[in-house]
Amino acid sequence: MPTSSKDRITLFAEVLLPIPVPGTFTYRVPYALNEAIRIGQRVVVQFGKTKILSGLVVSLTDKVPQNEVKFLIDILDEQPLVNDLQLQFWNWIKTYYLCHLGEVMQAALPSALKLSSESMVALSNDFVLDSMALNDYEYLIVEALQTQPKIAISEVSKIIGFKKVMPLIHTMMEKGILVMEEELNEKYKAKYERFVRLSNIYREETALQELMDALSKKAYKQLEVLLAYLALGGSCDNDLKLADVLKKANATSTILKALVDKGVFEVYEQQVSRLKDFKAQADVNSIQLTPAQQRAYEQIKEGFDAPRPVLLHGVTSSGKTELYIKLIQETLDEGKQVLYLLPEIALTAQIINRLKRFFGDKLGVYHSRYGTNERVEVWQQVRDFAHNKGSQRQIIIGSRSAVFLPYSDIGLIIVDEEHDSSFKQMDPAPRYHARDAAIVLATLHHAKILLGSATPSYESYFNAQNGRYRLVELTERYGGVEMPEIILSDMRVERKRKTLKADFGSVLLDAVKDTLEADHQAILFQNRRGFSLRIECDDCHHVPQCINCDVSLIYHKAQNVMRCHYCGYTTSVPSECPQCHSTNIKMHGFGTEKVEEDLKTLLPEAKVARLDLDTTRSRNDYQRILEAFQDKETDILVGTQMVTKGLDFDSVKVVGILNADNMLSFPDFRAHERSFQLMSQVAGRAGRKGGQGKVIIQTYEPSHPVLQDVLRNDFLGLYQKQMITRRQFGYPPFYRIVMIRLKHKDFQKLNPAASSLASMLRPIFKQDLLGPEYPMVSRVKNLYIKQMLVKFNREHSAQQVKDIILKQVHLFQLNPDFKSVQVQLDVDPM
């Protein structure tokens, strides 16, 4: 609602702040900013007495509010940072997932775009130095402020050597020594590089020739720089990076400066992107679809015409990615954007390499391991697509956070491995599911959406069976490759025959040896990281526990520590039992670290690598480990569920699942569904090219129904059995679920609080309210947890049920006795 300053209209802006409180905040727009302000821009506002924050303008009005409001301080963006479709999408997430709009903003924006002030201290203008009147700490702070005008509170803490510095600072303020200010920190730094161009007078061929003749006589080094510039393609239309010219000429900046002083070159700075550009190397038309792929492709197109979401159920290695590439090219030809969602960052490296061959710099990457500044630049390029329809970053490939980018015209969304639980955000709010959010995003943009998986989630498959989605099936592997042979290795028999070596049965170990002798590779899956899952005293059976969480500590041999996987607490390994002082301490269970070590002992010639959270801490670790395996620098890859998701290696002939029973016995109604998905997915890494692969599943229960379904690759059989059970007991997809989680540091306060909220909800939901109960891990990070489930039939209005829950939670929070109890709402928990 920009207006001419002549009208002197007083505007008021509703500003959304990235904080977990309901609603927006009203600020008055200074007259000088009336013409510049737009919905979707970031503005600087004062929040509370001193805090300075950046927020988003979500609406503008000339209606005067009843209460007195503050002026907003400034506008940060020339163009809006978010668009109207984005704000609609954010509002849907807020409503559906029962969170605050500020929490959605916090999750959506890259951290570099969320600015907040930092408290700074400076010397008071009236302060006169009297070192005798200062104590040691005060003197250190004053001394530091004499060399620099302002110091951040965090720096004060480092100077004096302890964390709690505010009492000291307040004392110094009362004495008139210090004043405190708030300063807004700009986190995003644009990248600038120096460029060089020929001056206008030497752009004529005659003048340039005369210059070269003159330099050849007196300044040959300068001539080399000029020739390097011309050799690199420098011209009046093509300026070059200064560093490239100097490198080509093998010259110093002093020589170039001499040419600048003579008026031959002009040097200037220009903003450049940090994002790497790829060059397309292949044509999409070169992809030849098999008859099965062609049928699936035509059925997908028919589903898009309906329009409704399409579920592509294609067995592992059936060539789903080739279909995706064809559909992406069609969307690009229409001048629209593409969003390609993947559950795991590890997957993006392989897919990026495949897609960039066809799409070059049209491909953009967005996920949490990407650098802060790079994420801002991807955001800006996606936003700018609306204005210039530029070809760069027209395709975005990323993990779940990529749904929040400022798309203006999406034509296609692909959700690969749609069954994966990594698409669900657990903490903090909003606890959204990226697959479901992507379906809503596609609806807002009138876009096509394709969900792909070899083992679809039961909710998606149910929707396909009932006509809400179009089901397309791809039942054969690409190139006619056979599905892998699956062998259930009975560990009871192995143990009885004493053929176990470490945690490997003879069946698995022999298969790995055979595949290595044939110059092939193997993948081994164990869904626990670390070395030993617990350390236990053999005499009194004491197990070391985390001091912050109700879990046992896991031994990590590389660091020689015991670590909690929930809060990160570490402690040294005890030499004796802290309870009975016995030295008879044993390790029980095994994780990926132990598997890796045992393999190096059993197969000393094999090159073994490990892919889990411990080995992928830094940004490029995923890519380094996977590329080494791809290039056959590694023979065996050991990993957690990272190795199960969509990875494509030609030479893998054997896959081993070291402990199938752990997954099957997990107390969750989705345990059998997830076990089948995980085992089928990891089995799908075997024999993707060439001969048939082999999958060995180690188990103490080979007759378990789920393992028999995996053996037969019978997705539909298990699905039908599970649907009977879930309908009988009222679980998804027949019922919806809202999890209510309460947390407090004192369980004696938590218990009555949970009982009180349950007593408010039970008369409404009756037997459909389960709990409150402690979860399996009842304390995390020193907070005790109690939770309850609200189940309701899909035929009921979801919004009405959520409104009832919100109302009761609000009434509960008005009780002063329970004010300190945290309440978390999780819609469609995983």
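This briefing walks through helix packing, strand pairing and some backbone details of the structure above.

The model is predicted, so local features need pLDDT of at least 70 and side-chain atom pairs count only at pLDDT 80 or more, while totals for chains, interfaces and linings use all residues. Residues are numbered from 1 along each chain as its sequence is written, and side-chain values use heavy atoms, with hydrogens and water left out. Helices (H or I, at least four residues) and strands (E, at least two) are DSSP runs, numbered from the N terminus.

**Helix α1 and its two packing partners**

- Two packed helices are described by the angle between their axes and the distance between the axes. Here, axes are lines fitted to C-alpha atoms, for helices over the stretch in contact, and angles run from 0 to 180 degrees between N-to-C directions.
- Helix α1 (residues 84-96) meets helix α2 (residues 101-108) with axes that come within 9 Å and cross at roughly 120°. That angle makes α1 oblique to α2; angles under 35 degrees count as roughly parallel, over 145 as roughly antiparallel, 65 to 115 as roughly perpendicular and the rest as oblique.
- The crossing of α1 and α2 is right-handed. In this scheme, a crossing is right-handed if the near helix is turned clockwise from the far one by less than a right angle, and left-handed if anticlockwise.
- On the α1 side, W90, N91, I93 and K94 make the contact, and on the α2 side L101, V104, M105 and A108 do. Contact means heavy atoms within 4.5 Å.
- By class, the contact of α1 with α2 has 6 nonpolar residues, 1 polar and 1 charged. Ala, Val, Leu, Ile, Met, Phe, Trp, Tyr, Cys and Pro count as nonpolar, Asp, Glu, Lys and Arg as charged, and the others, Gly among them, as polar.
- Helix α14 (residues 434-445) also packs against α1, at an angle of about 140° and with the axes 10 Å apart. This crossing of α1 and α14 is right-handed.
- L85, Q88, F89 and W92 of α1 meet D436, A437, V440, L441, L444 and H445 of α14. The residues of this contact divide into 7 nonpolar, 2 polar and 1 charged.

- Strands of a sheet pair through backbone hydrogen bonds, either parallel or antiparallel. Two strands count as a pair if DSSP finds at least two bridges between them.
- How many residues of strand β28 (residues 652-657) are buried? The count is 6 of its 6 residues, so the strand is mostly covered, where buried means under 20% relative accessible area, exposed over 50%, and partly exposed in between (1.4 Å probe, protein chains only).
- Strand β20 (residues 521-525) pairs with β28 in the parallel sense over 5 bridges, and Q521 stands opposite V652 in β28.
- Strand β29 (residues 694-699) runs parallel to β28 and is joined to β28 by 4 bridges. Here I657 stands opposite I697 in β29.

- Strand β23 (residues 561-563) and β24 run antiparallel and are joined by 3 bridges. In that pair, M562 stands opposite T571 in β24.

**Backbone details to look for**

- Most residues other than glycine have a negative phi, and most peptide bonds are trans.
- A cis peptide bond joins D427 and P428, with omega about -10°, and another joins A429 and P430, with omega about 0°. P428 lies in the loop between β16 (410-416) and α14, and P430 is found in the loop between β16 and α14 as well.
- A502, a residue other than glycine, has a positive phi near 55°. A502 sits in the loop between α16 (491-497) and α17 (506-517) and counts as partly exposed at 45% relative accessibility.
- N713 also has a positive phi, near 55°. Its place is in the loop between α22 (705-712) and α23 (715-729), and N713 is partly exposed, with a relative accessible area of 40%.
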